[in-house]
Amino acid sequence: MQENEFRAKAIQAVVDYFNSQADSTDKNGHITAADVFIVWMVKVLQNNKALLSTTVSDGMYYEVTWNGDKQEGYVDAYKKWKNFLIK
């Protein structure tokens, strides 16, 4: 899959997931593609992977993977629980 196509599909997957899971009474109950940003993205051989987040301050981030061998994608949704310093 080409980079632009994967980028668009990954962003739309996050939008669709967020909008299907968000509480309708939440002020952030609906997002668009403009609210999603890619933190990191890579293509290795026929596979693509991206880490994404949104402008919603809910601590969530998303990993979208495209398996080029099987022609299927996967979305992992994660919640950030804590950030602490390691010295």
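## One helix, four strands

The protein chain has one helix and four strands. Helices here are DSSP runs of H or I with at least four residues, strands are runs of E with at least two, and both are numbered from the N terminus. The order from the N terminus is α-β-β-β-β.

This is a predicted model: local features need pLDDT of at least 70, side-chain atom pairs count only at pLDDT 80 or more, and totals for chains, interfaces and linings use all residues. Residues are numbered from 1 along each chain as its sequence is written, and side-chain values use heavy atoms, without hydrogens and water.

| Element | Residues |
|---|---|
| Helix H1 | residues 3-21 |
| Strand S1 | residues 36-44 |
| Strand S2 | residues 47-54 |
| Strand S3 | residues 60-67 |

**The helix.** In H1, the residues Phe6, Ala10, Ile11, Val14, Val15 and Phe18 are buried (under 20% relative accessible area, 1.4 Å probe, protein chains only). Down the axis of H1, its buried residues fall within an arc of 170°, so they line one face of the helix. The arc uses directions from the helix axis to the C-beta atoms. Their cover includes S1, S2 and S3.

**Ser53.** Ser53 sits in strand S2. Is Ser53 buried or exposed? Ser53 counts as buried because its relative accessibility is 14%. Ser53 touches Asp35, Val36, Phe37, Val39 and Met60, leaving out residues up to four places away in sequence. Contact means heavy atoms within 4.5 Å. A polar atom of the Ser53 side chain lies 3.3 Å from the backbone oxygen of Met60.

**The whole chain.** Buried residues make up 26% of the 87 residues in the protein chain.

Definitions and conventions: Buried < 20%, exposed > 50% of the residue type's maximum accessible area, 1.4 Å probe, protein only. Polar contact = N/O pair within 3.5 Å; in protein donor to acceptor, adjacent residues only side chain to side chain. Expected span 1.5 Å × (residues − 1).
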